Amino acid sequence: MLAHNWHLGFTSFGGPAVHFQIFQQLFVEKYQWIDQTRYQEMFALCQALSGPGSTKMIYGVNVLRYGFWNGLAAFVA
C-alpha cells in the first residue's frame with residue numbers, strides 16, 4: 001500500500017478535483033485495480049456522503065485492493 005500511495009501526499013496539489021483525476025489515472029489506467037464503472041460509482045458515493053471526497057476515495061480503493069487494515073493505514077497516512 002505504501003509503495004503505491006506514499007507520493008500522493010506530496011504531488012496532489014490543486015484540491016479534490018485534481019486528486020480524483022490523479023486517482024483515476026493511477027488506479028484505473030496505470031495499476032488497473034478497478035475498472036472505470038466501479039471508479040465512477042465510488043466517485044458518486046464519495047461525493048454524496050459528507051466529508052472530504054478524495055480521502056474517502058483513497059480509503060475505498062485501498063480497502064478494495066488490500067483489505068480493511070491497509071485501507072485504514074492509507075486513510076491515516
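User: Before we start, what counts as buried here?
Analyst: Buried means under 20% relative accessible area. Keep in mind that this is a predicted model.

User: OK, so is Ala 74 buried or exposed?
Analyst: Its relative accessible area is 10%, under the 20% cut-off, so Ala 74 is buried.

User: Where is Ala 74 found?
Analyst: Ala 74 belongs to helix α6, residues 68-76.

User: And what does Ala 74 touch, not counting residues up to four places away in sequence?
Analyst: Met 1 and Asn 62. As for Val 63, eleven residues separate it from Ala 74 in sequence, and the C-alpha to C-alpha distance is 8.9 Å.

User: Switching topic: at what angle do α3 and α4 pack?
Analyst: About 150°, with the axes 11 Å apart. α3 covers residues 16-30 and α4 covers residues 36-48. Angles over 145 degrees count as roughly antiparallel, so that's how α3 and α4 run relative to each other. The crossing is right-handed.

User: Which residues meet there?
Analyst: From α3, Phe 20, Gln 21, Phe 23, Gln 24 and Val 28; from α4, Gln 36, Tyr 39, Phe 43 and Gln 47. By class, that contact has five nonpolar, four polar and no charged residues.

User: What about the largest nonpolar core, how many residues has it?
Analyst: 15 residues. Those with the most contacts inside it include Phe 23, Phe 27 and Tyr 39. α3, α4 and α5 (53-66) each supply at least two residues, and α3 gives the most, with six.

User: What does Phe 27 touch?
Analyst: Leaving out residues up to four places away in sequence, Phe 27 touches Asn 5, Leu 8, Gln 32, Trp 33, Ile 34, Ile 58 and Val 61.

Technical notes: Residues numbered from 1 in each chain as written. Predicted model: local features only at pLDDT ≥ 70, side-chain atom pairs only at ≥ 80, totals over all residues. Heavy atoms only, no water. Axes fitted to C-alpha atoms, helices over the stretch in contact; angles between N-to-C directions. Helix = DSSP H or I, 4+ residues; strand = E, 2+ residues; numbered from the N terminus. Parallel < 35°, antiparallel > 145°, perpendicular 65-115°, else oblique. Left-handed = near helix turned anticlockwise from the far one by under 90°. Contact = heavy atoms within 4.5 Å. Nonpolar A, V, L, I, M, F, W, Y, C, P; charged D, E, K, R; others polar. Core = buried A, V, L, I, M, F, W, Y, C linked by side-chain atoms within 4.5 Å. Buried < 20%, exposed > 50% of the residue type's maximum accessible area, 1.4 Å probe, protein only.
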